[in-house]
Amino acid sequence: MTSCIPIRILEPSDAERFRDLRLEALTVAPEAFGASYEEDAALPLETIRARLSASPNVVFGAFADHGLIGMAGFAVYDRVKARHKGVLWGVYVKAEWRGHQVGKRLVQSVIDHASHHVIMLEATVRLANDEARRTYHGLGFKPYGVQHKALRVGDMFYDEELLCLDLPRPGDA
Ligand SMILES: CC(C)(COP(=O)(O)OP(=O)(O)OC[C@H]1O[C@@H](n2cnc3c(N)ncnc32)[C@H](O)[C@@H]1OP(=O)(O)O)[C@@H](O)C(=O)NCCC(=O)NCCS
């Protein structure tokens, strides 16, 4: 059933629904993301449209019930010496759609896309976030460290696991 949920790269015309889901994510799971609600709520729609047209940086979206129900982002590092690396960011599935492999399919879409552009994909995840850790570990991400007090939300500090996935270079068997 859920494999029928279409997943595609978001376009600039998806900016409003992307912003709505992103702000929902930052409201319901603030400790899961590096950005704050206030920071993202202040972004002009034009900035979001530009971000959604900055290929190879992309956001994958999952669609159901005529709306966006999940997303996962990919960004390449800017600096010349780091352009062989990318980052998985903003992974979120609406609560009522969780547990049906949507998160896994979104992250797999990012991995497939990333393998055409970088040789290494990084991710960070809150150490206590079992759902996300299981999703990433299951898709091959390897932990290489823990940053203590990586995020601060109000008076709370959260430790994050640092993860890395090596991707085959084009032409590798
Ligand atoms: C993390 C998240 C995206 C997973 O999405 P999802 O669609 O529910 O995940 P899937 O159904 O694809 O499941 C992926 C894996 O997580 C496991 N999982 C799902 N829910 C789980 C739960 N409540 N507890 C433990 N593992 C769970 C699944 O069993 C599956 O692993 P498996 O293939 O080994 O069985 C979703 O829980 C979410 O949006 N959480 C809030 C935001 C967040 O934490 N984002 C990550 C930021 S790093």
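These legends describe close-up views of one predicted model.

Residues are numbered from 1 along each chain as its sequence is written, and side-chain values use heavy atoms, without hydrogens or water. Because the model is predicted, local features need pLDDT of at least 70 and side-chain atom pairs count only at pLDDT 80 or more, while totals for chains, interfaces and linings use all residues.

**View 1. The shell around the ligand holds 20 residues.** Val-91, Gly-99, Gln-101, Lys-104 and Asn-129 come nearest. Strand S4 (85-93), helix H4, strand S5 (120-126) and helix H5 (130-138) each supply at least two residues of the shell. Helix H5 gives the most, with five residues. Helices (H or I, at least four residues) and strands (E, at least two) are DSSP runs, numbered from the N terminus. By class, the shell has nine nonpolar, seven polar and four charged residues. Here Ala, Val, Leu, Ile, Met, Phe, Trp, Tyr, Cys and Pro count as nonpolar, Asp, Glu, Lys and Arg as charged, and the others, Gly among them, as polar.

**View 2. Gln-101, Arg-134 and Thr-135 each place an atom by a ligand oxygen.** For Gln-101, a backbone N or O atom lies 2.7 Å from an oxygen atom of the ligand. Arg-134 has a polar side-chain atom 3.1 Å from a ligand oxygen. For Thr-135, a polar side-chain atom lies 3.4 Å from a ligand oxygen. Taken alone, the ligand exposes 930 Å², and the protein buries 78% of that. Accessible areas come from the Shrake-Rupley method with a 1.4 Å probe; for residues, only the protein chains shown count as cover.

**View 3. Tyr-92 sits in strand S4.** Tyr-92 is buried, with a relative accessible area of 4%. Buried means under 20% relative accessible area, exposed over 50%, and partly exposed in between (1.4 Å probe, protein chains only). The side chain of Tyr-92 makes a polar contact with the side chain of Glu-24, at 2.7 Å. A polar contact is a pair of N or O atoms within 3.5 Å; within protein, one must be able to donate a hydrogen and the other to accept it, and residues adjacent in sequence count only if both atoms are side-chain atoms. Leaving aside neighbours within four places in sequence, Tyr-92 is in contact (heavy atoms within 4.5 Å) with residues including Leu-21, Phe-33, Met-71 and Leu-106.

**View 4. Ser-109 lies in helix H4 (residues 102-114).** Ser-109 is buried, at 17% relative accessible area. The Ser-109 side chain reaches the backbone oxygen of Arg-105 at 2.8 Å. Not counting residues up to four places away in sequence, Ser-109 touches Ile-7 and Phe-60.

**View 5. The model has two aromatic pairs.** Phe-18 and Trp-89 form an edge-to-face pair, 6.5 Å centre to centre, with 85 degrees between the planes. Phe-18 lies in helix H1 (residues 15-28) and Trp-89 in strand S4, so the pair ties together parts that are 71 residues apart in sequence. Phe-18 is buried at 8% relative accessibility, whereas Trp-89 is partly exposed at 27%. The rings of Tyr-136 and Phe-141 have centres 5.7 Å apart and planes at 50 degrees, so this pair is tilted. Rings of Phe, Tyr and Trp (its six-membered ring) pair if their centres lie within 6.5 Å; planes under 30 degrees apart count as stacked, over 60 as edge-to-face and the rest as tilted. Tyr-136 is buried at 7%, and Phe-141 is buried at 2%.

Conventions:
A residue is near a molecule or strand if one of its heavy atoms lies within 4 Å of it.
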